[in-house]
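Subject: A structure for you to look at

Hello,

Here is the structure I promised to pass on.

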Amino acid sequence: MATVKENLIAAKALIDMPEKWIKGTFHAWMPSGTECFCLAGAVIEASSHDTDGLREAETISALVGALDGFDTVIGFNDAAATTHADIMALFDRAIAAQDGA
């Protein structure tokens, strides 16, 4: 089973480009053929090998712990002012926090 840090890194890689990140839905295929995920959708996909769901929940909790001013990753992802750079910075904070965990 992957660690929380490994799941965070894998989820970040799924949405590492702005065209791979979406708001308002967990997962979608764009007309260009690009597979897109929201923040939570990326964690779900990255944690799909997690049969008991514990690492997925722990990974979401790690992101929530790195949020500033939001209670949920979905609320943060879908907020009008949230940018792709904000999402990447959130992942960076959550990943860095795992080094101290």
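What follows is a walk through the helices and a few residues in them.

Please keep in mind that this is a predicted model.

**Helix 1 and N7**

Let me begin at helix 1, which takes in residues 4-14. Its buried residues are V4, N7, L8 and A11. The arc they cover around the axis is only 100 degrees, so they sit on the same side of helix 1.

N7 deserves a look of its own. Is N7 buried or exposed? Its relative accessible area is 1%, and because the cut-off for buried is under 20%, N7 counts as buried. Leaving out residues up to four places away in sequence, N7 touches A2, A46, S47, H49, R55 and T59.

**Helix 2 against helix 3**

Next comes the pair formed by helix 2 (residues 39-46) and helix 3 (residues 54-66). At what angle do they pack? The angle is about 145 degrees, and the axes are 9 Å apart. Their crossing is right-handed. Helix 2 brings L39, A40, V43 and I44 to the contact, while helix 3 brings E56, T59, I60 and L63. Sorted by class, six of the residues in this contact are nonpolar, one is polar and one is charged.

I44, in helix 2, is one of the residues in that contact. I44 has a relative accessible area of 38%, which makes it partly exposed. Not counting residues up to four places away in sequence, I44 touches F26 and E56. For a sense of distance, I44 and A57 are 13 residues apart in sequence, and their C-alpha atoms are 9.1 Å apart in space.

Beyond its neighbours up to four places away in sequence, F26 touches C36, F37, C38, A40, G41, I44 and I74. Two of these, A40 and I44, belong to the helix 2 side of the contact with helix 3. F26 and L63 are 37 residues apart along the chain, with 16 Å between their C-alpha atoms.

**Helix 3 by itself**

T59, A62, L63 and A66 are the buried residues of helix 3. They lie on the same side of helix 3, because their arc around the axis is only 95 degrees. The face turned away from that buried side carries the exposed residues L54 and G65. The cover over the buried residues of helix 3 includes helix 1, helix 2, helix 4 (73-78) and helix 5 (84-99).

**Helix 5 and A94**

The same check works for helix 5: its 16 residues should span 22 Å at 1.5 Å a residue, and the 23 Å between its end C-alpha atoms agrees with that. Which of its residues are buried? They are H84, I87, M88, L90, F91, A94 and I95. Seen down the axis, these buried residues fall within an arc of 155 degrees, so they line one face of helix 5. A85 and D99 are exposed on the other side of helix 5. The buried residues of helix 5 pack against helix 1, helix 2, helix 3 and helix 4.

Apart from neighbours within four places in sequence, A94 is in contact with L8, A62, L63 and A66. L8 is one of the buried residues of helix 1, and A62, L63 and A66 are among the buried residues of helix 3. A94 and H49, by contrast, are 45 residues apart in sequence and 21 Å apart in space, C-alpha to C-alpha.

Enjoy looking around, and do write back with any questions.

Best wishes

How values were computed:
Residues are numbered from 1 along each chain as its sequence is written. This is a predicted model: local features need pLDDT of at least 70, side-chain atom pairs count only at pLDDT 80 or more; totals for chains, interfaces and linings use all residues. Side-chain values use heavy atoms; hydrogens and water are left out. Helices (H or I, at least four residues) and strands (E, at least two) are DSSP runs, numbered from the N terminus. Buried means under 20% relative accessible area, exposed over 50%, partly exposed in between (1.4 Å probe, protein chains only). Contact means heavy atoms within 4.5 Å. Axes are lines fitted to C-alpha atoms, for helices over the stretch in contact, and angles run from 0 to 180 degrees between N-to-C directions. A crossing is left-handed if the near helix is turned anticlockwise from the far one by less than a right angle, and right-handed if clockwise. Ala, Val, Leu, Ile, Met, Phe, Trp, Tyr, Cys and Pro count as nonpolar, Asp, Glu, Lys and Arg as charged, and the others, Gly among them, as polar. The arc is that of the directions from the helix axis to the C-beta atoms. The expected span of a helix is 1.5 Å times one less than its number of residues.
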